Amino acid sequence: MNNRLMLAPLTNQQSHADGLLSDEEHHWLAMRAAGGYGLVMTAAAHVQANGQGFPGQLGIFGDQHLPALTRLADDLRQKGALSAVQLHHAGYRAPANLVNDIVSPSGDADSGARALSLDEVYQLRDDFIAAALRAEQAGFDGVEVHGAHGYILSAFLSPELNRRDDEYGGTAENRARLLLEILDGIRQSCDPDFQLGVRLSPERFGQNLAEVVALTQSICATERVDYVDMSLWDVRKRPIDAAEDDSRLLLHHFTEIPRGKVRLGAAGKIMNGQTARWLLDQGCDFALLGRAAIIEHDFPQKLQNNVDHAAPALPVTSGHLTAQGVSPKFQSYLSGWPNFIQD
């Protein structure tokens, strides 16, 4: 990366129903590459057809996706950014109106998800690895494996959501097995220079903070990945269940981990240069920007010219977003975010 700012993987619902990359999504990402982001990551791309989590979601589950992905990878490189595809499967969070066969580590009555068979777990592992190979074939510099926010790999990690009694359930070691097998499989299958990251979230969706910390320690100790992306919702927040005598922020549970060659980044309400510098001062190696990147495609360039630059205050107008390459479909999705688009 030519700087420490990475475009966070942002849901935008602007690709085609079959998972093919749309011109609108290509334009949105290419503008961020031209705007100076060191690494531009796609939105979550599902690795199986039944892993779709959103309308208009980018797909990477078949070779039919390769031509458009190849054009995107070429364009991002020409505009000076490194590139990555985020690999995803929605699991029990898949909408019933999009997915007929919703699956999860264990059955889930609320979503109607059924438990994966052991053979299906093996197939899921192999499909994540195949998607990484597809991204490499398209010319991307790497992939990030989505292990956060309750999606299927996060659900496997959860002691609440994963009630399996086979090799992928029970102990924390067993519940992490699928994620680690995917990471190891990508490492073994792709070129040594192909970047590999993993996104984790330490709270909500049945996650156990102590277990996520231990998993991150293991991943770093074995240097399974090039970077860990911690999705914190707010980089300055305290843990939900913090002890009264523990003043550490949630972030500090991860910056304290010996990392070797593994880089650490975090996302959550980074809207100005001051917060980005503070994050690096706390021990992170890079910052992931979401909302600031939506509001300004060239936030990194503006920050380079003014270290205290701040993204415009919310809400912003639809016209402003259009000028920033945010399509009507993306804006329709953003309209569900409180206080984001001005009426």
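**Figure 1. Overall size of the protein chain.** For a chain of 343 residues, a compact globule would have a radius of gyration near 20 Å, and this protein chain agrees because its value is 19 Å. Here the radius of gyration is taken over C-alpha atoms, and the globule rule is 2.2 Å times the number of residues to the power 0.38. The model is predicted: local features need pLDDT of at least 70, side-chain atom pairs count only at pLDDT 80 or more, and totals for chains, interfaces and linings use all residues. Residues are numbered from 1 along each chain as its sequence is written, and side-chain values use heavy atoms, with hydrogens and water left out. Along the principal axes, the C-alpha atoms fill a box of roughly 55 × 50 × 45 Å. The protein chain holds 13 helices and ten strands; these are DSSP runs numbered from the N terminus, with helices (H or I) of at least four residues and strands (E) of at least two.

Figure 2. Buried residues make up 58% of the 343 residues, where buried means under 20% relative accessible area, exposed means over 50%, and partly exposed lies in between (1.4 Å probe, protein chains only). A nonpolar core is a set of buried Ala, Val, Leu, Ile, Met, Phe, Trp, Tyr and Cys residues joined through side-chain atoms within 4.5 Å. The largest one has 91 residues, and Leu87, Ile186, Val228 and Ile294 touch the most other members. Helix 3 (residues 118–138) gives this core its largest share, eight residues. Another core, of ten residues, lies apart from it and includes Phe54, Ala90, Ala94 and Ala113. In soluble globular proteins, nonpolar side chains tend to be buried together.

Figure 3. Look for Gly59 in the loop between strand 2 (39–46) and helix 2 (66–78). Gly59 counts as buried because its relative accessibility is 0%. Contact means heavy atoms within 4.5 Å. Setting aside neighbours within four places in sequence, Gly59 is in contact with Gly19, Ala45, His46, His65 and Leu69.

**Figure 4. Gln324 and its contacts.** Gln324 sits in the loop between helix 12 (318–323) and helix 13 (328–334). With 11% relative accessibility, Gln324 counts as buried. Beyond its neighbours within four places in sequence, Gln324 is in contact with Met31, Arg32, Ile294, Ile295, Glu296 and His297. You have already met one of these partners, Ile294, in the largest nonpolar core.

**Figure 5. A cis peptide bond at Pro315.** What kind of peptide bond joins Leu314 and Pro315? The bond is cis, with omega about 0°. Pro315 lies in the loop between helix 11 (299–305) and helix 12.

**Figure 6. Two residues with positive phi.** Most residues other than glycine have a negative phi, and most peptide bonds are trans. His149 has a positive phi, near 60°, and is found in the loop between strand 6 (142–147) and helix 4 (152–157). Glu223 also has a positive phi, near 50°, and its place is in the loop between helix 7 (209–221) and strand 8 (227–231). Are these residues buried or partly exposed? His149 is buried, with a relative accessible area of 13%, whereas Glu223 is partly exposed, with 35%.
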